Amino acid sequence: MSRFRLQPTPAQEAALAEHCAHARHVWNLAVEQHAHWKPGRKMAPGFAEQCRQLTEARAASPWLAAGSVVVQQQALKDFAQAMANFFGGTHRRPTWRKRGRAEGFRIVAVKAGDVRRRSRNTGEVKIPKVGWVRFRWSRAIPDGAKSYRVTRDRAGRWHVAFATVPQPIPVPGTGQVVGVDRGVAVSAALSTGELLNVRGLRDTEKARLRRLLRKLARAKRGSNRRTKVKTAIARLKAREADRRKDWVEKTSTDLARRFDVIAVEDLKIRNMTRTARGTLDAPGRNVRQKAGLNRGILAAGWGRLVQRLEQKAPGRVQKINPRHTSQTCNACKHVASESRESQALFLCVACGHQDHADVNAAKNMRDTAAGHAAAARGGLPLGGPVNREPQPDLPSAA
Ligand SMILES: [Zn+2]
């Protein structure tokens with residue numbers, strides 16, 4: 001990631017904090033609106049409607065009106081994305097933002113002239129209503145950054161991170177289709193039989209994290225010691241997150257380079273059929289749901305992997321209805337939940353075919369995608385329609 005340490009002056013820091021306060025306020029208003037929503041009631045307002053309401057709120061509140069409309073609109077956009085992630089089953093429901101925790105805001109429609117270099121080690125970024133803010137030029141800035149996010153960590157340090165959409169990777173033209181299943185025991189299983197794993201924290205790091213968490217429980221609120229422990233915990237978690245992001249980048253590039261078509265499960269459908277799958281798919285998926293803390297983290301990484309695949313291989317990602325993919329025998333196509341012997345093993349009750357359970361599912365996804373491609377042949381050539389997902393950082397209406 002291209003994150004840089006910001007070096008605001010005290011006056012600028014106050015202005016940045018004001019942007020954060022506005023973003024937090026608008027986000028919390030959106031949370032409140034959606035909290036009142038109950039099934040059967042009229043739909044809670046979407047992004048476009050909320051933008052209209054924001055205009056009204058700005059007219060009524062001089063405090064909001066004095067802030068940047070981009071900052072406030074993007075907070076709504078973030079919220080809309082968070083709700084989409086929630087409904088997509090990859091994230092928890094967005095909740096209240098508290099002062100001092102995960103503070104930040106986003107600026108979009110960034111022009112090339114909004115970032116400039118001052119010296120070998122310093123650069124400047126133009127932030128609306130704040131002006132030119134210095135940052136440490138610690139690495140190359142990615143070309144074509146269209147948006148950036150400013151954040152303040154718990155230790156009070158400010159950072160700016162530039163977002164870029166990765167360039168599409170050319171189709172290899174091998175005609176190869178790959179199925180990618182989100183594994184339980186592994187991070188991802190390919191229909192080629194490859195099992196991919198995110199490199200998380202090492203055992204020594206995990207032990208250290210446990211020690212720090214115990215220390216935190218004993219440390220007095222508001223004490224210096226507590227702040228120190230918290231910072232150390234935050235560093236370890238950031239390291240883990242960096243490794244996950246790194247894995248997503250490498251894996252998505254590798255898949256886009258090797259395969260013409262990449263089949264992944266359609267999370268939206270998965271979410272809709274969750275209840276049915278709870279009973280049908282009992283052995284596999286319930287355990288997955290109970291995996292606890294790690295589940296959300298891995299799920300977030302999965303959503304990011306699919307997003308990156310769609311950017312690097314536009315029009316080449318096929319979303320497959322995941323129904324039955326884990327209970328269908330890839331050899332004889334017999335469907336039976338009993339065939340899922342265990343978390344890791346698929347053993348067909350009809351023909352005795354045996355495979356890694358996640359690999360078997362990935363193969364079913366590959367075959368479904370290949371079937372779609374065959375059916376569409378002559379109509380839509382591979383790589384023809386470019387279905388790019390709307391980018392969350394563009395200020396377009398919903
Ligand atoms: Zn079979």
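Biologist: What arrangement do the four donor atoms around the zinc ion make?

Modeller: Tetrahedral, because the four donor atoms subtend angles of 107 to 111° around the zinc ion. Four donors get that label if all angles lie between 85 and 135 degrees; four are square planar and six octahedral if opposite donors are over 155 degrees apart and all others between 65 and 115, and anything else is irregular. Ideal angles are 109.5 degrees for four tetrahedral donors.

Biologist: Which residues are the protein donors of the zinc ion?

Modeller: Cys329, Cys332, Cys348 and Cys351, each through SG, lying 2.3 Å from the zinc ion. A donor is an N, O or S atom within 2.8 Å of the metal (3.2 Å for Na, K and Ca), and water is not among the atoms, so sites may look incomplete. The spacing of the donor residues in sequence is C-x2-C-x15-C-x2-C.

Biologist: What sort of model is this, and how are residues numbered?

Modeller: It is a predicted model, with residues numbered from 1 along each chain as its sequence is written. Local features need pLDDT of at least 70 and side-chain atom pairs count only at pLDDT 80 or more, while totals for chains, interfaces and linings use all residues; side-chain values use heavy atoms, with hydrogens and water left out.

Biologist: Helix packing next. How do H1 and H2 cross?

Modeller: The axes of H1 (residues 10–35) and H2 (residues 47–60) come within 12 Å and cross at roughly 125°. That angle makes H1 oblique to H2. Angles under 35 degrees count as roughly parallel, over 145 as roughly antiparallel, 65 to 115 as roughly perpendicular and the rest as oblique. Axes are lines fitted to C-alpha atoms, for helices over the stretch in contact, and angles run from 0 to 180 degrees between N-to-C directions.

Biologist: Left-handed or right-handed?

Modeller: The crossing of H1 and H2 is right-handed. Right-handed means the near helix is turned clockwise from the far one by less than a right angle, left-handed anticlockwise.

Biologist: Which residues in H1 and H2 meet?

Modeller: On the H1 side Val26, Ala30, Gln33 and His34; on the H2 side Gln50, Gln53 and Leu54. H2 also passes H4 (residues 69–87), with axes that come within 10 Å and cross at roughly 145°. That crossing is right-handed. Residues of H2 that meet H4 include Phe47, Cys51 and Arg58.

Biologist: What about Lys312, buried or exposed?

Modeller: Buried, because its relative accessible area is 5%. Lys312 is in H10 (residues 293–312). Leaving aside neighbours within four places in sequence, the contacts of Lys312 include Glu249, Pro166 and Ser252.

Biologist: Where is Val248, and what is it in contact with?

Modeller: Val248 is in H6 (residues 224–258). It is buried, with a relative accessible area of 1%. Outside four places in sequence, Val248 is in contact with Gly301, Arg304, Leu305 and Arg308. Val248 and Arg304 are 56 residues apart in sequence and 7.0 Å apart in space, C-alpha to C-alpha.

Biologist: Last topic, backbone. What is phi of Ala109?

Modeller: Near 55°, a positive value in a residue other than glycine. Most residues other than glycine have a negative phi. Ala109 lies in the loop between strands E2 (103–107) and E3 (115–117), and at 56% relative accessibility Ala109 counts as exposed.

Biologist: And what is phi of Lys333?

Modeller: Lys333 has a positive phi of about 70° although it is not a glycine. Lys333 is in the loop between strands E12 (317–320) and E13 (345–347), and is partly exposed, with a relative accessible area of 45%.

Terms used. Helices (H or I, at least four residues) and strands (E, at least two) are DSSP runs, numbered from the N terminus. Contact means heavy atoms within 4.5 Å. Buried means under 20% relative accessible area, exposed over 50%, partly exposed in between (1.4 Å probe, protein chains only).
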